[in-house]
Amino acid sequence: MTSLPHSDYCKLRLIRSILSQLSVLRPARFTVPISWLTNPLPDNDQQAVTFRHQHRHLHASAQWLTEIGRAFLSSVHWRRCRRPLNVGLTAVAILTATPATAQDKMTVVLDWFVNPDHGPIIIAQEVGYFAEAGLEVEVIAPADPADPPKMAATGRADIAISYQPQLHLQVAEGLPLIRVGTLVATPLNCLLVLDEGPIDEIADLRNRRIGFSVSGFEEALLSAMLDQADLSTEDVEMVSVNWSLSPSLMSGQVDAVIGAFRNFELNQMEIEGVAGRCFYPEEEGVPTYDELIYVANPDTMDGDAIRRFLSATERATQFIVNHPQESWKVFAGTSAELQDELNERAWIDTIPRFALRPEALDQGRYIRFEAFLEEMGLIEGTRPVSALAVDLGAE
C-alpha cells in the first residue's frame, strides 16, 4: 500500500490545527466535527480517500477554508512541519478574512438513474476530486433517458452522458453535439438468451421472438449479428418489451432480447436463479464502440472546465481500479437504493470497462462506426471524425 507523501501528511496536520482554532474563533460560521479533530490522520492514499469521504460535508460546507489553507500552507513554508505546529490566533484571524476562490459550476446529466456505470463520476464527487479541480459539479438523473443529449445541445447542461451510436445518429440529424470524453470504453449491449434454452447459436433464432426496447439502432445491431448466420430481421419476430428485458426472457415471452447490458441483466438473471448467456455484438460483425461517452455542445462548451472534469474522473477511475472494494463502499454509501447484490455484482463487472484515459480518442473507432451506420442505412453519407469527437488533451 502506497504511503501518503510526507508533504500531504503535513498539510493535513496543519489544516486540522487551523480548523480547531477556527471552530473556537468563528463557531457561528464554522463548526468542526469533533471526530475530524480527534480521529487518527490517514497515513496512505487509500486511507486518505476514505478520510475525505467521511468528512465530505465539511469540505462542501466550507470551500472558503480550503483556499485559506492553501494560502497559509504556501506562506508559512509547511515543509517545516516536522517542528511542532503552533498556529497563532493572529495569523488565523488574518487568514479568515481571505476571500474564497469561487469554483466553476458545471451541470452533468446522466443517461439514466445513478448506477455502477457512473462510478467515476460519483467517486470523483464523493472523495473531492472535482472540488480539487476547482469544479462544483451538479449531477442530475434525467426524467426521460432521451433528454440528456438534447439538454447538452440546448445549453441546459454542460455535459451529458450518451452513447457513441446515438451520437452518430444525432449529429447526422443536425444536433450540435460532440464527444469530449469516454466513460465506458467497450460495448455493454448484448443479445441475451437463456443459457439452457433453445438458442445455442445465432442461427437458431430463425422464426423466434426477439424482444427490444429502442427501435432504430438496436434493430441495426441485431441485423448485423443475424447477417453473420445468413439471417435477417425478416426471419425473426421483433417484440417491443419496453425496458422489461430480462423479465420478458425469463417468463418465456420472448426467446432472446437485444439491448441487454452484460454487466446488469446477466447478474439479475443469475440472482433470480436463471442462467443467461450473451452473444456479443463486437464478436458478431459489429464494429466495437464506446458504450458511454461524455457529450457537449461544441459551440458553447468550456474546454478548460471539461478538461478538469475529465482529469478528476480519470483520478477516480484509477482509485476504483486500485481499490475496488473500498470504492464500492464509497459509491454504495451515497444511496440506500444502491446497496444490493445486483449493484455490487455490476460494480465488479463494470470496473474493467471504464475508460482509463477518458480524454483519449480512438479516431479509427469513430470512422468505422460511422461507415457501419451508413452501410446499415441509418445515416446518409459520412462525417469526418472532427464533426463527431474531439481529444481535448491533444489541443
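A residue counts as exposed when its relative accessible area is over 50% and as buried when that area is under 20%. By this rule Asn207, with a relative accessible area of 68%, is exposed. The structure described here is a predicted model. Its protein chain has 395 residues, of which 48% count as buried. The chain contains 17 helices and ten strands.

**Confidence and overall contacts**

- The protein chain has a mean pLDDT of 83, and 74% of its residues reach 70 or more.
- Over residues 57–100 the pLDDT is below 50, and this stretch has 58 contacts in the model beyond near neighbours in sequence.
- Residues 1–11 also have a pLDDT under 50. The model gives residues 1–11 23 contacts beyond four places in sequence.
- Among contacts in the protein chain with a separation of 6 or more, 79% are between residues 24 or more positions apart.

**The five-stranded sheet**

- Five strands make up an open sheet with mixed pairing, in the order β2-β1-β3-β10-β4.
- The edges of this sheet are β2 and β4 (178–184), each of which pairs on one side only.
- On average, neighbouring strands of the sheet are turned by 25° against each other, direction ignored.
- Strands of a sheet pair through backbone hydrogen bonds, in either a parallel or an antiparallel manner.

**Strand pairs within the sheet**

- Strand β1 (residues 104–109) pairs with strand β2 (residues 135–140) in the parallel sense, over six bridges. Thr107 has Glu138 in β2 as its bridge partner.
- β1 also pairs with strand β3 (residues 159–162) in the parallel sense, here over two bridges. In this pairing Val108 stands opposite Ile159 of β3.
- β4 and strand β10 (residues 292–296) run antiparallel and are joined by five bridges. Gly181 stands opposite Tyr294 of β10.

**Helices lying across the sheet strands**

- Helix α14 (residues 303–322) lies across β1, β2, β3, β4 and β10. The angle of α14 to β1 is about 65°.
- Helix α10 (residues 164–172) lies across β3, β4 and β10. The angle of α10 to β10 is about 35°.

**Packing of α7 and α15**

- Helix α7 (residues 119–126) packs with helix α15 (residues 324–332) at an angle of about 80°, and their axes are 9 Å apart.
- Angles of 65 to 115 degrees count as roughly perpendicular, so α7 is roughly perpendicular to α15.
- From α7, the contact is made by Gly119, Ile122, Ile123 and Glu126. From α15, it is made by Ser327, Val330 and Phe331.
- By class, the contact of α7 with α15 has four nonpolar residues, two polar residues and one charged residue.

**Two asparagines with positive phi**

- Most residues other than glycine have a negative phi.
- Asn207 has a positive phi of about 65° although it is not a glycine. Asn207 is in the loop between β5 (189–194) and β6 (209–212).
- Asn242 likewise has a positive phi, near 55°, and is a residue other than glycine. Asn242 is in the loop between β7 (237–240) and α12 (245–250).
- Asn242 counts as exposed because its relative accessibility is 53%, and the cut-off is over 50%.

Terms used:
Residues numbered from 1 in each chain as written. Predicted model: local features only at pLDDT ≥ 70, side-chain atom pairs only at ≥ 80, totals over all residues. Heavy atoms only, no water. pLDDT = per-residue confidence, 0-100. Contact = heavy atoms within 4.5 Å. Pairing = 2+ DSSP bridges. Helix = DSSP H or I, 4+ residues; strand = E, 2+ residues; numbered from the N terminus. Axes fitted to C-alpha atoms, helices over the stretch in contact; angles between N-to-C directions. Parallel < 35°, antiparallel > 145°, perpendicular 65-115°, else oblique. Nonpolar A, V, L, I, M, F, W, Y, C, P; charged D, E, K, R; others polar. Buried < 20%, exposed > 50% of the residue type's maximum accessible area, 1.4 Å probe, protein only.
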